[in-house]
Amino acid sequence: MAFAESQNPLRVHRIPQSRYIDAVRWLSPVSPSDRFAAIAYFDADTNSPSIEIAYVDPNPQSSSPTLTPQSSWTSPSRISSLKTAHSTPQPLLAAATFSGSLHILASDLINGGVMESEATVSELGFHSGPVSAVDLREGGTECVSVGEDGRVNLVCFVGDSSKLSYRRIFDANGLVGYTAVKWASPSEFATGGYGFGIQWWDQRTSGGPVLQFKGNWCQGKTSGIVHSIDIHPSRKHTCLAGGSSGTVFAWDRRAAQQPIVLSGAGTGEAPNSLLSESEVWEVQYDRYTRRSNISNISSTRILPVMICSEDGILAVIEQGEEPLELLAEPCAINSFDIDQQNPSNVICSLEWESLAILTRS
């Protein structure tokens, strides 16, 4: 398909690593010139999973930035999901594992990025099997976790593990599996799973999701999976989702069961523009695009979206426009993150044991 050409210069720097990278996240800087990232590694030779805090030096005297490790934490199992809460000077991280545990970590960026475990949930019954996804609520006092076992858990913590507690919000007993989750407000969050379905939850209402978006719109692709969800703070009525077969769509909760398809599976016989033919692993609203006039965009129009995919595409999608390709790699792009403080900076992990840092100017 055709791609729009960027009107702004794009600098791409690839930094080879010696281990596989499962996830990468920017951390809130303690000063305008500082940049830190949290990187989830897996060493296949030693079967060793870990999370490292690295200082990202833009290195203006050189052609490429450098990564300087600051601290490391060894995980008991491979990381399945990594999220951050932006609360300086000690940003919190939620790390979920394939063995079914959840770990809350704090990194002191003022004192060399020292990372400590603040809380852990590893007891039998928390999840049966891997934790598919987690999300930290801004403010860093609650974390929601979901799994393919059909369990939805809310973990509450204050300061240290002795004050940690969790409660099960829902248990589908394996009849329904959940693969993505995103907070929308202090009491509401959305989950995604099989069949391109999305569920809307409100802690003030017990007994399951208060609203569901069913995947019977996707023309026979009901085996598709939602891998990632994002919700813009100014558009909490809209859930953005990315998943199987290159599908990226939005669900406006005011429009019942009619999706807004940005790429992939369509609602009619004519196919929508297909940005990728493989799994879309992550979606995020792109705050860099049109950031100066975001308030002028109609509330019915989907804000610009960045996606990464199994077939190596990193791109920005705008409703009604040709997608803007930022990267086309010969390997999968497993995860990415847009710097909230400076949205022109993007960091992403490549399957062939590399990091890529993009700067849009």
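Lys-83 is buried, at a relative accessible area of 18%. Here buried means under 20% relative accessible area, exposed means over 50%, and partly exposed lies in between (1.4 Å probe, protein chains only). The model is predicted: local features need pLDDT of at least 70, side-chain atom pairs count only at pLDDT 80 or more, and totals for chains, interfaces and linings use all residues. Residues are numbered from 1 along each chain as its sequence is written, and side-chain values use heavy atoms, with hydrogens and water left out.

**Lys-83 and its salt bridge**

- Lys-83 forms a salt bridge with Asp-135; their closest N and O atoms are 3.9 Å apart.
- Asp-135 sits in strand E10 (residues 133–136) and Lys-83 in strand E6 (residues 79–85), so the pair ties together parts 52 residues apart in sequence.
- A salt bridge is a side-chain nitrogen of Lys or Arg within 4 Å of a carboxyl oxygen of Asp or Glu.
- Strands (E, at least two residues) and helices (H or I, at least four) are DSSP runs, numbered from the N terminus.
- Asp-135 is also buried, at 4% relative accessibility.

**Ser-81 in strand E6**

- Strand E6 also holds Ser-81.
- Ser-81 counts as buried, with 10% relative accessibility.
- A polar atom of the Ser-81 side chain lies 3.2 Å from the backbone nitrogen of Val-134.
- Setting aside neighbours within four places in sequence, Ser-81 is in contact with Ala-94, Ala-95, Ala-96, Ser-132, Ala-133 and Val-134.
- Contact means heavy atoms within 4.5 Å.

**Other salt bridges**

- The whole structure has 13 salt bridges.
- Arg-151 and Asp-171 meet through their side chains in one of them, at 3.6 Å from N to O.
- Asp-171 lies in strand E13 (residues 160–171) and Arg-151 in strand E12 (residues 151–158), so this pair links parts 20 residues apart in sequence.
- Arg-151 is buried, at 17% relative accessible area, whereas Asp-171 is partly exposed, at 26%.
- Arg-360 forms a salt bridge with Asp-286, with the closest N and O atoms 2.8 Å apart.
- Arg-360 belongs to strand E28 (residues 354–360), and Asp-286 to the loop between strand E22 (280–285) and strand E23 (305–309), so the pair ties together parts 74 residues apart in sequence.
- Arg-360 and Asp-286 are both buried.
- Shared partners join the salt bridges of Asp-149, Arg-151 and Asp-171 into one network.

**A four-stranded sheet**

- Four strands make an open, antiparallel sheet in the order E14-E15-E16-E17.
- Strand E14 (178–183) and strand E17 (211–213) are at the edges with a single partner strand each, so one side of each has no neighbour in the sheet.
- From one strand to the next, the twist averages 20°.
- For such angles, axes are lines fitted to C-alpha atoms, for helices over the stretch in contact, and angles run from 0 to 180 degrees between N-to-C directions.
- E14 and strand E15 (residues 188–193) run antiparallel and are joined by five bridges.
- Two strands pair if DSSP finds at least two bridges between them.
- Trp-183 has Phe-189 as its bridge partner in E15.

**Confidence**

- The protein chain has a mean pLDDT of 86, and 85% of its residues reach 70 or more.
- Residues 267–271 have pLDDT below 50; beyond near neighbours in sequence, this stretch has seven contacts in the model.
- pLDDT is the predictor's confidence in each residue, from 0 to 100.
- Where pLDDT is low, the predicted coordinates should not be read in detail.

Conventions:
A polar contact is a pair of N or O atoms within 3.5 Å; within protein, one must be able to donate a hydrogen and the other to accept it, and residues adjacent in sequence count only if both atoms are side-chain atoms.
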